[in-house]
Structure formats: structure tokens, C-alpha cells
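Please look over the structure shown below before reading on.

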Amino acid sequence: MDIRIFSAAREGAIYSATVIEQIIKNRAYPVLGLATGSTPIPLYYELIRMHQWGLDFSRVTTINLDEYVGISADHPQSYRYFMKRYLFDHVNIDQSRTYIPRGDAEDLEQECQRYDQIIQLNPIDIQILGIGINGHIGFNEPDVSLKSKTHIVKLAHVTIQANARFFESPGEVPEHAITMGLQSILLSKQILLLAFGEEKAQAVVEAVYGDVRTSLPASILQLHPNVTFVLDEAAAALLL
Ligand code: F6R
């Protein structure tokens, strides 16, 4: 596991964007695994800047980690909406090759299977992850199975509270999500986990130095051969 500590989130975002840039340039059909939430926003900003300087997204496929259940793609709090706003609408990506689970699918089990097939057909070159304050990655909450593929999850109370800032009231935050599983995340060829801010410091130190355990899902990244934690000083504070 590689750990990179930057003075500020922006520096970490620039580093991460440079890693992704190399993958986009060097692979014929690059596949990026993407995350939502506050953490990757500065990274997407840097990728948009790189596109303005000529980085070509036309051969890129993207696969997002998760989506809320019961929310349609055009809902302002949907992760499809988020991705369009912060990345897809600003680069020359073919949006038919940007995959995000359909949270409003009638048959959610079938949707999980469809998503697993997409992941199988498009092996992920690099997966971007954030981390929840309870150590979740994607929406794999504590005690998820290590062998999980795409599945429906009941969001932890702490996750609902943390995400309430994006909704008008906490009662509006969906209680369930559809998420890529830990097994699929571990199959990505390379992983960048980004964490910025002091509220992430405890989860980060447990993920890096704690026992590998499903009660702290990010700790399973210790099993992956090519993981980099991209941190600002606040998120890294307990590592030093
Ligand atoms: C989002 C996701 C989540 C977030 C995590 C951190 O697609 O999978 O695991 O990465 O909840 O969220 P932020 O970045 O908002 O602190």
C-alpha cells in the first residue's frame, strides 16, 4: 500500500488526476471506476481542466460505485445527476458508456446482476474511492461480506446523517442504496482512495494499520496489490 500525503486536497486531486491522465493516454479503451460525494469533486475539476488542455475522453468508459435506491437519474440528488454536473457534461465522453446503477429499477435484483455483467465486461483499470467516517467504501457498510458483488444495502445511520447535507432534510435521504461489492472493488487493477479532512483521520488510520476486517470495510484494501491512499495532512494526522 502506497500512502501519499499532501498539504491540501487540491494537491492530492492534482496528483490523482495525473495518475488517471496516464491511464487514459496509455490504454486503448480505459475504464475508470468513479465515486461521488464531496471528496472527488476537486479531482473531477482537475480532469476537466486537463480536458480543456486536450485530454481526450472519447475512448473512456466509466463505472460508478453506487446510487440511491428509489431515486431516478434526473433527480438532483441522484449520482447520475452529480456525475453529469461535476464531470460528464464537461468532457467529450460518450455518455452511453458511463455506467451508474439504476436506483429506480423495477427489479433491483436484476439490476444488480446487470451491473455485475457490465463490470465483468469492462474490467476497471483504476477505481477511485472515498471513505465514510465508519470506514465504508462504495456503500459497503460495516460487516458486508468480503465476497459481495453488486447488492442492495441499508445505509448506516451515520451515513444517512453525513449525507443529509445534500438534501433539504435528513428525512429525505434514501435509506437504501445499490452498490458495487467489495469483491468487485478488489478486482480493479489499481485503486486510489482519497480522503481529505480531519473527520476521516480515524477511519484512515484503521484502514491502513488496523486488522483486515469487514467491520471496517476499507481495511480490506490492504489485500490489494496496487492501492494508493491520497490524503491531506488532516486526514493523515493519526498516521504520523
Ligand atoms: C460515493 C461513495 C461513498 C463516499 C463516502 C465519502 O460514491 O461511494 O463511499 O465516497 O461516503 O463521502 P464524502 O466524499 O462526501 O465524504
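Two strands are taken to pair if DSSP finds at least two bridges between them, and the strands themselves (E, at least two residues), like the helices (H or I, at least four residues), are DSSP runs numbered from the N terminus. This is a predicted model, in which local features need pLDDT of at least 70 and side-chain atom pairs count only at pLDDT 80 or more, while totals for chains, interfaces and linings use all residues. Residues are numbered from 1 along each chain as its sequence is written, and side-chain values use heavy atoms, with hydrogens and water left out.

Strands of a sheet pair through backbone hydrogen bonds, either parallel or antiparallel. Here, seven strands form an open sheet with parallel pairing, and their order is β1-β10-β9-β6-β2-β3-β5. Its edges are β1 (2-6) and β5 (98-99), each of which pairs on one side only. Within this sheet, β9 is joined to β10 (residues 227-232) by five bridges, the two strands running parallel, and I191 has V227 of β10 as its bridge partner. Between these two strands the chain passes through helix α7 (residues 201-209), and this β-α-β crossover is right-handed, a term meaning that, with the strands pointing away from the viewer, the path from the first strand over the helix to the second runs clockwise.

On β9, the parallel pairing with β6 (residues 126-129) extends over four bridges, with L193 of β9 as the bridge partner of L129. Strand β6 also pairs in the parallel sense with β2 (residues 31-34), here over two bridges, and G33 stands opposite Q127 in β6.

How many of the six residues of β9 are buried? Six of the six residues of β9 (residues 190-195) are buried, so this strand is largely enclosed by the rest of the structure; buried means under 20% relative accessible area, exposed over 50% and partly exposed in between, with a 1.4 Å probe and protein chains only. Q190, L192 and L194 point one way from the strand, while I191, L193 and A195 point the other way.

A second open sheet has three strands in the order β4-β8-β7, with antiparallel pairing. The edge strands are β4 (66-68) and β7 (151-154), each pairing on one side only, and the twist from one strand to the next averages 25°. Four bridges join β7 to β8 (residues 176-179), and T179 in β8 is the bridge partner of H151.

Helix α4 (residues 108-121) lies across β7 and β8, running at about 120° to β7, and α4 also lies across β3 (61-64) and β5, at about 140° to β3. These angles run from 0 to 180 degrees between N-to-C directions, the axes being lines fitted to C-alpha atoms, for helices over the stretch in contact, where contact means heavy atoms within 4.5 Å.

Turning to the ligand, T39, D66, H136, G138 and K200 come nearest of the 13 residues around it, a residue being near if one of its heavy atoms lies within 4 Å. A polar side-chain atom of H136 lies 2.7 Å from an oxygen atom of the ligand, and a polar backbone atom of G138 is 2.6 Å from a ligand oxygen atom. For T36, an N or O atom in the side chain is 2.8 Å from an oxygen atom of the ligand.

Finally, A73 is found in the loop between β4 and α3 (79-86), and A73 is partly exposed, with a relative accessible area of 43%.

Note on methods. A polar contact is a pair of N or O atoms within 3.5 Å; within protein, one must be able to donate a hydrogen and the other to accept it, and residues adjacent in sequence count only if both atoms are side-chain atoms.
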